[in-house]
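Q: Hey, could you walk me through this one? I'd like to go from the overall layout down to single residues.

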Amino acid sequence: MAASPHISEQEWAVWRRFYAMRRQLDRALEQQLQGDSGISGPDYEILVALFDAPDRKLRARELAEIIGWEKSRISHQVSRMETRGLVERTECETDLRGTWIGMTNEGKRTIFRAMRNHHDAIRRFFFDVLTDEEKELVSAASGKVLDAINPAACEVAESIEARRA
């Protein structure tokens with residue numbers, strides 16, 4: 001691949017390696033979730049976001065901001081999860097246009113079952129292969145990239161944290 005005037009050959013090499021790592025890590029973690037817990041990565045993302053939220057529920061738009069999905073994707077995924085009894089939708093009493101998405105008892109049981117093995121896989125595939133210095137560098141670089149892409153998601157996460165306090 002010829003270098004773009006804006007991206008050097010060295011930068012392309014970094015990008016390709018990062019991209020391959022990200023894809024392979026996503027694939028390994030997805031396979032672990034499916035095999036151990038019978039849920040998908042998208043199921044897990046939604047359940048974790050709800051688990052971390054005050055009262056284990058979020059507005060649909062907050063959920064979309066936190067995990068970086070379009071509202072239509074959230075809607076379709078939540079519908080599939082509703083049919084399996086993992087989440088439920090309820091009307092927002094203060095805003096009739098809004099909907100709360102909350103965890104059911106089955107959703108809580110499912111996320112607890114999934115978390116242990118998933119955390120072990122994250123440790124094995126990611127943290128155990130990095131030094132403390134590398135972890136700090138990854139964290140700092142990730143924060144910079146996230147801020148450049150979607151600072152609004154950080155604001156939503158902060159507002160949810162403030163509600164929790």
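Predicted model: local features only at pLDDT ≥ 70, side-chain atom pairs only at ≥ 80, totals over all residues.

Q: How many helices and strands is that?

A: The secondary structure comes to seven helices and three strands.

Q: And what's the average pLDDT of the chain?

A: The protein chain averages a pLDDT of 89, and 87% of the residues score at least 70.

Q: Which elements have the lowest and the highest mean pLDDT?

A: Helix H7, residues 151-164, has the lowest mean at 60, while H2 has the highest at 96.

Q: OK, and how much of the chain is buried?

A: The protein chain has 165 residues, and buried ones make up 31% of them. As for contacts, take those between residues at least 6 apart in sequence: 54% of them join residues at least 24 apart.

Q: Back to H2. At what angle do H2 and H5 cross?

A: The axes of helix H2 (residues 41-52) and helix H5 (residues 105-125) cross at roughly 105°, and they come within 10 Å. That makes H2 roughly perpendicular to H5, because angles of 65 to 115 degrees count that way.

Q: Which residues meet there?

A: From H2 you have Tyr44, Leu47, Val48 and Phe51. On the H5 side they meet Gly107, Thr110, Ile111, Phe112, Ala114, Met115, His118 and His119.

Q: How do those divide into nonpolar, polar and charged?

A: The contact of H2 with H5 has eight nonpolar residues, four polar and no charged.

Q: Let's pick a single residue. Where is Asp43?

A: Asp43 sits in helix H2.

Q: Is Asp43 buried or exposed?

A: Asp43 counts as buried, because its relative accessibility is 3% and the cut-off for buried is under 20%.

Q: So what does Asp43 touch?

A: Leaving out residues up to four places away in sequence, Asp43 touches Gln77, Met81 and Arg84. With Gln77 there's also a polar contact, side chain to side chain, at 2.6 Å.

Q: New topic: loops. What's the phi of Asp55?

A: Phi of Asp55 is near 60°, which is a positive value in a residue other than glycine. You'll find Asp55 in the loop between H2 and strand S1 (57-59).

Q: What about Arg56? Where does that one lie?

A: Arg56 is in the loop between H2 and S1. Phi of Arg56 is near 60°, again a positive value in a residue that isn't glycine.

Q: Last one: where is Glu91?

A: Glu91 is in strand S2, which covers residues 87-91. With a relative accessible area of 55%, Glu91 is exposed.

Q: How far apart are Glu91 and Ile101?

A: They're ten residues apart in sequence, and 8.9 Å apart in space, going from C-alpha to C-alpha.

Methods
Residues numbered from 1 in each chain as written. Heavy atoms only, no water. Axes fitted to C-alpha atoms, helices over the stretch in contact; angles between N-to-C directions. Helix = DSSP H or I, 4+ residues; strand = E, 2+ residues; numbered from the N terminus. Parallel < 35°, antiparallel > 145°, perpendicular 65-115°, else oblique. Contact = heavy atoms within 4.5 Å. Nonpolar A, V, L, I, M, F, W, Y, C, P; charged D, E, K, R; others polar. Buried < 20%, exposed > 50% of the residue type's maximum accessible area, 1.4 Å probe, protein only. Polar contact = N/O pair within 3.5 Å; in protein donor to acceptor, adjacent residues only side chain to side chain. pLDDT = per-residue confidence, 0-100.
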